[in-house]
Amino acid sequence: MLYSIRSKLILSYILIVIISLGFTVLYFQWSMKSILEQELIKQLKIQSETYSGFIHSRMSGPDDFSIRAESVVSEFVENRRNTLNVYDLSGNLVASSNPTQTNITLPKEKSSEILKGKTIYWYENTDGRRILHVASPVTLVSLSDNQYVGITDLQAPLDQLDSTYLRLKNQLLMAIAISVILTLLVSIVLSKKITNPISLIAQIARRFAGGDYSVRVFYTGRDEIRGLSDTINEMAERIESNIYEILGEKNKMNALLSAMPEGVIALSASGEILFLNEAASRFTGISIENNEKCSLFKSWSIPEVEEFFREREGKNTVITREISVPPYVFKLYLVPFGEDHDSVAGTMMIIRDITDLRRLEETRTRFLGAISHELRTPLTIIKGYIHTIIDEDEIQKSEFIKKALNTMDEETDRLTRLVNELLELSRLRSKKLSFDMQTVKIEQLVEETCQQMKNNAARMNIELTYDKPDTETEITADKDRIKQVVINLIDNAIKYTPSGGNVRIATGMAGKNWFFEVKDNGMGIAKEDLPFLFERFFRTEDKKKKKLVSGTGLGMAIVKEIIDGHNGEIKVKSEEGKGTEITVLLPANY
């Protein structure tokens, strides 16, 4: 209550009144005292000069000064309550209206100043009483020039004036007290009138804070509080409208998320569940009800999920991972959300069920593997018969038959390569092909491979160069498979680079990883084709010749499987018509 606006207003009013009246009373008291004293001095000066005149008019010579002075003093005693003293030129008392004042003298400094023809006044404290003295010189009438024969000293006690001051002071203090009381009463009424609407607004604001936006402020005044009330009412209407709109959008979003086949879980930065839809509940077994603030990793205890979530920490990008949770195979996406790009308030986990897709792919892989395996034997037999027939003398005599058999032999070789690559890719995808991991001096392997590929590049009129670093790097890898990757990437660069072009090879360290980079200035890859580069049977079209470049379309798919099997990474940058840059990253040994 002491710190309320009402208390502050009341205290302010009272302080203003006290300060204003205090200064007014002090000034009034000082000015009244000064005015009264000056008026009294003025009257006493006139009386003192009058008594000096009386003595002056009655004297016939200096000798009768004492007699005339006593006569005037006796008349003063009969009519006045003040004291009249008459002194000679030496300051000795000649006559006094107060019998108790005898043998007193006038101070020399006062008499000297008076005998210069001045009427002066001064104050004296006698027995705790203030006495006002007003003194005038007495002149001799017979002389043309002023000749002073004595001094009249009129004394007035200031007891009555001081009591008047005291009464006035008490009355003024009483007026101040009454004013303060009246001010207190008026300020209570006024402050209540001012603060009541504010208290009402505060109560309504508290209801706003509690979520009740249906209340309104009703104030009929025409002051600033009316404007505040109207503003608060308008704000409440807007907030209420926005809340309804947000609730509508939330309901739409909930309906959309509930209808999604993918599972959606909103997580806090620490992994607590903020929201999950029906699909996520079905995949994880977590109930939609009563799941707020529950840890996802306790409710869905899959180590890979928690490891995947922790992997996102410190990153503000979308990351994905495929996990197997029998009987499901899921692809998980982690999408950070927050107030800005620098702060992550939480993460949205999207769970996509790819079980059927993986089963279909596995079936297709098994089918391709089986077909490839079944085709190898017939192709070997066909190739053997072709070579047998070609070696016959009669066949050698017919150029047409010989040419046809050579074409059949080449196509059989191409089909055999396709079958072998399909079989190899199938084994890589099914994890049936193990890697022979060993320590490899990788720069030496790249250099040897480049030397082997230079003849092929020279035949195509393409410059192949390798910027070998000064230091040799060792990695743990399957030497043959990594060589297969290097050959495939260099061969593709040569194949897709026109005559007169160049292919640059570079290796080195990038942080903790070893990198292998192939850069050409060939035809490049269209932007829309880049996402399909590692798909099986994908081949880039030569835009100038309007046809696909020769090949099986399996090389890059095999490269991707080998690199993934070595926990590596492959990146592609390409611009159509300007060339392609492919970078392979593999963990290095230390």
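Throughout these legends, a residue is called buried under 20% relative accessible area, exposed over 50% and partly exposed in between, with a 1.4 Å probe and protein chains only. The model is predicted, with local features needing pLDDT of at least 70 and side-chain atom pairs counting only at pLDDT 80 or more, while totals for chains, interfaces and linings use all residues. Residues are numbered from 1 along each chain as its sequence is written, and side-chain values use heavy atoms, leaving out hydrogens and water.

**View 1. Strand E4 and its two antiparallel partners, E3 and E5.** Helices (H or I, at least four residues) and strands (E, at least two) are DSSP runs numbered from the N terminus, and two strands pair if DSSP finds at least two bridges between them. Of the 11 residues of E4 (residues 129-139), 9 are buried, so this strand is largely enclosed by the rest of the structure. Strand E3 (residues 120-126) pairs with E4 over 7 bridges, with tyrosine 123 opposite leucine 132; the hairpin of E3 and E4 has 2 residues between the strands, and aspartate 127 takes a positive phi near 55° there. Strand E5 (residues 148-157) is joined to E4 by 9 bridges, and threonine 152 of E5 stands opposite serine 136.

**View 2. The open sheet of 5 strands, in the order E12-E14-E15-E19-E18, with mixed pairing.** Strands E12 (463-467) and E18 (569-575) stand at the edges with a single partner strand each, so one side of each is left without a neighbour in the sheet. The twist averages 15° from one strand to the next, where axes are lines fitted to C-alpha atoms, for helices over the stretch in contact, and angles run from 0 to 180 degrees between N-to-C directions. Strands E14 (residues 502-510) and E15 (residues 513-520) are antiparallel over 8 bridges, and phenylalanine 516 in E15 is the bridge partner of threonine 507. Helix H12 (residues 442-459) packs on the sheet, touching E12, E14 and E15, and its direction makes about 170° with that of E12; contact means heavy atoms within 4.5 Å.

**View 3. Stacked aromatic pairs, Tyr328 with Phe330 and Trp514 with Phe516.** Rings of Phe, Tyr and Trp (its six-membered ring) pair if their centres lie within 6.5 Å, and planes under 30 degrees apart count as stacked, over 60 as edge-to-face and the rest as tilted. Tyrosine 328 and phenylalanine 330 lie 5.1 Å centre to centre with 20° between the planes; tyrosine 328 is partly exposed at 26% relative accessibility, whereas phenylalanine 330 is buried at 0%. The rings of tryptophan 514 and phenylalanine 516 have centres 6.3 Å apart and planes at 15°, and both residues are buried.
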